[in-house]
Amino acid sequence: MVKDAKARIQKGKILSFVPTGEYYFTKGIKAYHRRDFKKAKKYLQRAMQLEPGEPMITCQLAIVSTELGEFENSNRLLHLILEDLDEEMAECHYFLANNYAHMGLFKDSYHHANMYLELEPNGDFIEDTEDLLELLSFEAEGLEDELYEQDDLIIKQEQARDLLESGYFPKAIELLKDVVEEYPEYWSAYNNLALAYFYLGKAKKAESILDDVLDRNPGNLHALCNRLVFAHYQGKTNAVSRLMDTLKKIQPMLIDHQFKLGATFALVGEYDSAYFWLKKLYKNGFDGDGPYYYWLSYSAYHTKHESFAKTIWKTVLAHNPDKEGFEPWNLEKPIANGFEDHSGSIFQKLESDYIEERLFAIFLASVSGKVEEIFTSKRFYQNQKLSTMEKNYVSLLKSGTPSVIKDAQEIAEVLYEIHQPIGTVESGLYLMWFSVFVEISKSELDLSNKRAWAGAMEYVWNKTSNEKVSQQEIANRYGLSPSTLGKYVKLVKKYLK
């Protein structure tokens, strides 16, 4: 798809180089014109060794790599130019667009083609770039059904990601299970499914999904990143160190992979590496979403680029106003990082299709300090999904009206003494409790021993998260005897669906 790669030689002022590399560069160009690409590559590699900082030599080697079908190597060289040697060498975007089109990565191809048009409106490759975009559009029309399926897949994936970020784990699992059944090799859906199970406290299930992905698709970057996230949350320092070393050696070329790697490093507090990848995307004109700018700002702030971090934070708030109060430099007070601190998140959960999520939302409201504000709002009164149990729950919080739900609230409050603020991981514990409570409410079971129920929930949650914790340790934490805790653990497992 590179219409006339040697045009790069003929059209541009490309013969400028430091003399010590001239001999091999010239021999490489001659071999290229003879279409002896293997020799051209050999000579240009030697020229690059002698002049590693010369972007023109690197660009010619990238073109030869394209002719040899070595698209990934060509992309690596072109990114090297833009990121380290000469970021104003806009024609590299044109060559990247061609390479990505050859590889079937049309989104990346469109991105770099448009970057070239934007940076070089009168450049040598304008007509070629416009032809490429037209060809991509033509091919897309010819593959309309396939692209429709891809669009449908992307939409479902975005819906699942939104559900995950909002704490709608059961619904995310339901959607993602449908996706992987329909698209059995769509690895991104498997990785998000693993995250959903992990955040629900089902670590063994989550890890088995990642094992399956890495077995069938070795080296899958998203799976490796998720393994690091799991190890980080579980406090497995040795695994974190090992996975960190592995991921730092990876040099991804795809935009999606660079974002995943950067965001993962930021999430686990490895801010230098996070800033390297996320800023690289920014320099290349990446137009990200809210989470991208969030992690870019955080990594910038923690690597002493405070002014840039504050500039980027404005974009974070433009994408998601609810992030106000999460600023990394907000040292006057603890950074709000729980679902209970944000009314928008509570309202979203109140509108869930799952009763355990709606009950969880009501509990979040109870510890938010905004009970009156939330439950007298227009948005709450327009909610048609609340059952009698949930309406009784709200009445309990507003006026103290007694009901069986009071036991559920008080047991959740015992959990909240230890597990706060409620972030993505902690949500799994509370969702598990309200799911168990829904089943218990159908029976006449006694819930008066609040600390025993809370301790049993934490123990079961830890075990399903593959945490190594003893009943003795949990019993001590909640002021129980091991035998009492064991009795309630059996009850929790009985009602856990």
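Ser273 is in contact with Lys248 and Phe265 in this predicted model, its neighbours within four places in sequence being left aside. Ser273 itself sits in helix H16, which covers residues 271–283. Its relative accessibility is 16%, so Ser273 counts as buried, the cut-off for that class being under 20%.

**Salt bridges**

Side chains of opposite charge can pair when their charged atoms come close. By the rule used here, the count of salt bridges comes to 17.

| Pair | Closest N and O atoms |
|---|---|
| Asp211 and Arg227 | 2.2 Å |
| Glu351 and Arg379 | 2.8 Å |
| Arg451 and Glu417 | 3.4 Å |

Asp211 and Arg227 form a salt bridge with their closest N and O atoms 2.2 Å apart. Asp211 belongs to helix H12 (residues 203–216) and Arg227 to helix H13 (residues 221–233), so the pair ties together parts that are 16 residues apart in sequence. Asp211 has a relative accessible area of 38% and is therefore partly exposed. Arg227, at 31% relative accessibility, also counts as partly exposed.

For the salt bridge between Glu351 and Arg379, the closest N and O atoms are 2.8 Å apart. This pair links distant parts of the chain, 28 residues apart: Glu351 is in the loop between helix H19 (343–350) and helix H20 (355–366), while Arg379 is in helix H22 (residues 378–381). Glu351 counts as partly exposed, because its relative accessibility is 29%. Arg379 is likewise partly exposed, at 36% relative accessibility.

Arg451 forms a salt bridge with Glu417, and here the closest N and O atoms lie 3.4 Å apart. The two residues are 34 residues apart and link distant parts of the chain, with Arg451 in helix H26 (residues 450–464) and Glu417 in helix H24 (residues 405–418). How exposed are the two partners? Arg451 has 30% relative accessibility and so counts as partly exposed. Glu417 has a relative accessible area of 51% and is exposed, since that class begins over 50%.

**A network**

Some charged residues are joined in a group. Lys406, Asp407, Glu410 and Lys450 are linked in a network of salt bridges.

Methods: Residues are numbered from 1 along each chain as its sequence is written. This is a predicted model: local features need pLDDT of at least 70, side-chain atom pairs count only at pLDDT 80 or more; totals for chains, interfaces and linings use all residues. Side-chain values use heavy atoms; hydrogens and water are left out. Helices (H or I, at least four residues) and strands (E, at least two) are DSSP runs, numbered from the N terminus. Buried means under 20% relative accessible area, exposed over 50%, partly exposed in between (1.4 Å probe, protein chains only). Contact means heavy atoms within 4.5 Å. A salt bridge is a side-chain nitrogen of Lys or Arg within 4 Å of a carboxyl oxygen of Asp or Glu.
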